[in-house]
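Hi there,

Here is the structure I promised to pass on. Have a look at it first, and my notes follow below.

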Amino acid sequence: MSTAYVVMGVSGCGKSRIGAGFATAIGAQFIDGDSLHPQANVDKMARGEPLNDADRHPWLKDVGRHLGPNTVIACSALKRSYRDLIRETAGAPVIMCLLHGTRAVLWDRVSNRAGHFMPPALLDSQLATLELPTSDEPHVIADIGNTPDHIIKTLIAATKELAQ
C-alpha cells in the first residue's frame, strides 16, 4: 500500500512550498490544507482569533478524507489528537513531516509575507498548541533553517526509510 504524507507545522514554517516541492519530487499529488478550511475558519483567523478544537474538527476530517495513496497535504496538524483524527480518516498509512524552527525565524517569515489570511499575531498561539510527534507516530522532523532543496531531500530520504 502506498503512503500518504502530511507536511505539518506552525504558520510560516513553509508547509505549502515544501509540501509542493516534496510532492513533485516523489511523484505525488499535492493539496494545500488551507484550501480545505471552511470559510468560517478563514474569517475567524483573518480577524486574529485562533481556531479552537471544535473549529478544527470538520477541517481535519476533510484533510484525512483527501489523503490517499501518493498524496501530500500541507496541514498544521499541531496536536496529537489532530494527527490521530487525520490518520483515522485517511485512505492510506500516513507519515507526518514536521517542519520545525525557531520562533525568530518563524516570526520573520509570517511578518514578511503578503496576502495570507493568518496574521502574525497568531504564531504564538500555534507554538503553544504544537505537540511534537512522539516515537509511536511515523514522522520526520526537518529544520526550516536549511534551504528548501535540502529540506525536500531530507524528507525524501527519511520517508523512504519509514515507508518500508
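A salt bridge here is a side-chain nitrogen of Lys or Arg within 4 Å of a carboxyl oxygen of Asp or Glu. Please keep in mind that this is a predicted model.

By that definition, the whole structure holds 10 salt bridges. One of them joins the side chains of R87 and D84, with N and O 2.5 Å apart. Both residues sit in helix α4, three residues apart, so about one helical turn separates them. R87 is partly exposed at 21% relative accessible area, and D84 is partly exposed as well, at 25%. Salt bridges with shared partners connect R80, R83, D84, R87, D136 and E137 into one network.

Another salt bridge brings K44 and D55 together at 2.6 Å, N to O. It links helix α2, which holds K44, to helix α3, which holds D55. These two residues are buried too.

Finally, a word on helix α7 (residues 148–163). Its buried residues are I151, I152, L155 and T159. They cover an arc of only 95° around the axis, and therefore lie on the same side of α7. That side packs against β1, α1, β4 and β5, whereas D149, K153, K160 and E161 are exposed on the other side.

Happy browsing!

Definitions and conventions:
Residues are numbered from 1 along each chain as its sequence is written. This is a predicted model: local features need pLDDT of at least 70, side-chain atom pairs count only at pLDDT 80 or more; totals for chains, interfaces and linings use all residues. Side-chain values use heavy atoms; hydrogens and water are left out. Buried means under 20% relative accessible area, exposed over 50%, partly exposed in between (1.4 Å probe, protein chains only). Helices (H or I, at least four residues) and strands (E, at least two) are DSSP runs, numbered from the N terminus. The arc is that of the directions from the helix axis to the C-beta atoms. Contact means heavy atoms within 4.5 Å.
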